[in-house]
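These are my notebook entries on a single protein chain.

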Amino acid sequence: MARTRSLFPAARGASLLLACIGVCLVTFSVLSAPAAASVNPNWLVAQIATSKDGTSRVLLTAQTNNGEVVSIWKLNAAGSHIATSQTFGPYTDSNGGQWIADSILPTMIVAADGTTRLLWTATSNGGTAASIWTFDSNMNKIGTGPAYGPYGDWVPTQFLVAPDGSERLLWTEIVGKNGETVASIWNLNSSGHVNSMGASYGPYSGTLGFWAPLQLAVAPDGTSRLLWT
């Protein structure tokens with residue numbers, strides 16, 4: 001039988017919701033330095049994203065002894081370099097969990113206004129936390145969203161930017177030994193702060209077995225679509 005429930009108790013009621021999302025569980029330990037002028041052999045290309053003006057963003061990652069570092073390159077339509085962000089990372093939280101930016105694809109998205117959004121995740125204290133950063137058109141960091149989570153067994157599984165610049169983050173949780181899954185969609189503003197936490201849906205079962213959320217999409221009017229299979 002289908003269930004609809006709050007993601008967690010703090011999502012029940014506006015005041016409790018605000019109290020919950022105001023708490024940043026994770027403390028970053030920051031090491032930041034300018035990115036190299038060229039990609040050395042330790043750097044790997046993790047993802048590419050395009051902007052409506054024809055420019056591209058390339059996410060580069062590298063592993064160090066202390067964790068992952070990342071840098072974003074901006075290229076013109078011909079593939080020539082325009083700008084490079086700083087090198088960010090490695091970051092660890094108070095529990096020793098390491099933040100990474102290449103765990104969910106796409107984890108880097110260019111919004112309609114030309115800003116770049118980067119999703120960080122960390123496996124910490126038995127769960128997964130998430131935070132979204134914003135970069136301007138010159139690849140300067142202009143916003144660092146709060147860190148949300150971990151929330152038990154909930155895992156961020158997909159990240160999207162809507163046409164109006166707001167963001168969607170799909171969380172899922174496996175609640176049964178046969179893979180029974182529940183899902184919740186978060187709506188965040190362009191700075192990575194939560195506007196609303198959607199109710200959790202599922203698990204759903206039928207004659208063919210249990211349904212699982214497969215993919216999230218955002219329509220031009222800003223409403224979300226979630227495909228179950």
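**Entry 1. Cut-offs for burial.** I began with the terms for accessibility: a residue counts as exposed when its relative accessible area is over 50%, as buried when that area is under 20%, and as partly exposed in between. I also note at the outset that the model is predicted.

I applied the cut-offs to Asn125 at once. Asn125 has a relative accessibility of 63% and therefore counts as exposed. I located Asn125 in the loop between S10 and S11. Its phi is near 55 degrees, a positive value in a residue other than glycine.

**Entry 2. Overall composition.** I recorded one helix and 21 strands for the protein. Of its 229 residues, 47% are buried. I then looked up the contacts with a separation of 6 or more, and residues 24 or more positions apart account for 45% of them. The protein exposes about 11,100 Å², of which carbon and sulfur atoms supply 55%.

Entry 3. What is the phi of Met139? I found a value near 70 degrees, again positive in a residue other than glycine. For context, most residues other than glycine have a negative phi. Met139 is placed in the loop between S11 and strand S12 (141–144).

**Entry 4. Cis peptide bonds.** I noted a cis peptide bond joining Gly89 and Pro90, with omega about -5 degrees. Pro90 belongs to the loop between strand S7 (87–88) and strand S8 (99–100). The bond from Gly202 to Pro203 is cis as well, and its omega is near -5 degrees. I placed Pro203 in the loop between strand S17 (200–201) and strand S18 (205–206). In general, most peptide bonds are trans.

**Entry 5. Thr116 and its surroundings.** I assigned Thr116 to strand S10. With a relative accessible area of 0%, Thr116 is buried because it falls under the 20% cut-off. Which residues does Thr116 contact, leaving aside neighbours within four places in sequence? I listed Arg57, Ile72, Met108, Ile109, Val110, Trp133, Thr134, Phe135 and Met139. I also checked one C-alpha separation: Thr116 and Trp133 are 17 residues apart along the chain, and their C-alpha atoms are separated by 8.2 Å.

**Entry 6. Two threonines of S11.** Thr134 lies in strand S11. Its relative accessibility is 5%, so Thr134 counts as buried. Beyond four places in sequence, I found that Thr134 touches residues including Thr115, Thr116 and Arg117, as well as Asn140, Lys141, Ile142 and Gly143. Ser190 and Ser191 are also among the contacts of Thr134.

Thr128 is in S11 too, a strand of residues 127–135. I recorded 13% relative accessibility for Thr128, which means that Thr128 counts as buried. Among the contacts of Thr128 beyond four places in sequence, I noted Thr121, Ala122, Thr123, Tyr148, Trp154 and Trp171.

**Entry 7. Nonpolar cores.** I then examined the largest nonpolar core, which has 19 residues. The members that touch the most other members are Val70, Ile72, Phe88, Trp99, Leu118, Trp120 and Phe135. Two or more residues of this core come from each of strand S5 (67–75), strand S9 (108–110), strand S10 (116–124) and S11. I noted a second, separate core of 18 residues, which includes Leu119, Ile132, Tyr148 and Leu169.

I looked further at Ile72. Outside four places in sequence, Ile72 touches residues including Arg57, Val58, Leu59, Met108, Thr116, Leu118, Phe135 and Met139.

**Entry 8. Cavities.** How many cavities of 30 Å³ or more are there? I recorded two. The second largest cavity holds about 30 Å³ of space. Its lining consists of Ala130, Ser131, Ile132, Tyr148, Leu169, Trp186, Leu188 and Gly192. S11 and strand S15 (181–188) each give two or more residues to this lining. The largest share, three residues, comes from S11.

How values were computed
Residues are numbered from 1 along each chain as its sequence is written. This is a predicted model: local features need pLDDT of at least 70, side-chain atom pairs count only at pLDDT 80 or more; totals for chains, interfaces and linings use all residues. Side-chain values use heavy atoms; hydrogens and water are left out. Helices (H or I, at least four residues) and strands (E, at least two) are DSSP runs, numbered from the N terminus. Buried means under 20% relative accessible area, exposed over 50%, partly exposed in between (1.4 Å probe, protein chains only). Contact means heavy atoms within 4.5 Å. A nonpolar core is a set of buried Ala, Val, Leu, Ile, Met, Phe, Trp, Tyr and Cys residues joined through side-chain atoms within 4.5 Å. On a 1 Å grid over the protein atoms alone, a cavity is a set of points where a 1.4 Å probe fits but cannot get out, and a pocket is an open set with protein on both sides within 12 Å along at least five of seven lines; lining residues have an atom within 4 Å of a point. Grid points are joined across faces, edges and corners, and a volume is the space filled by probe spheres set on the points. Accessible areas come from the Shrake-Rupley method with a 1.4 Å probe; for residues, only the protein chains shown count as cover.
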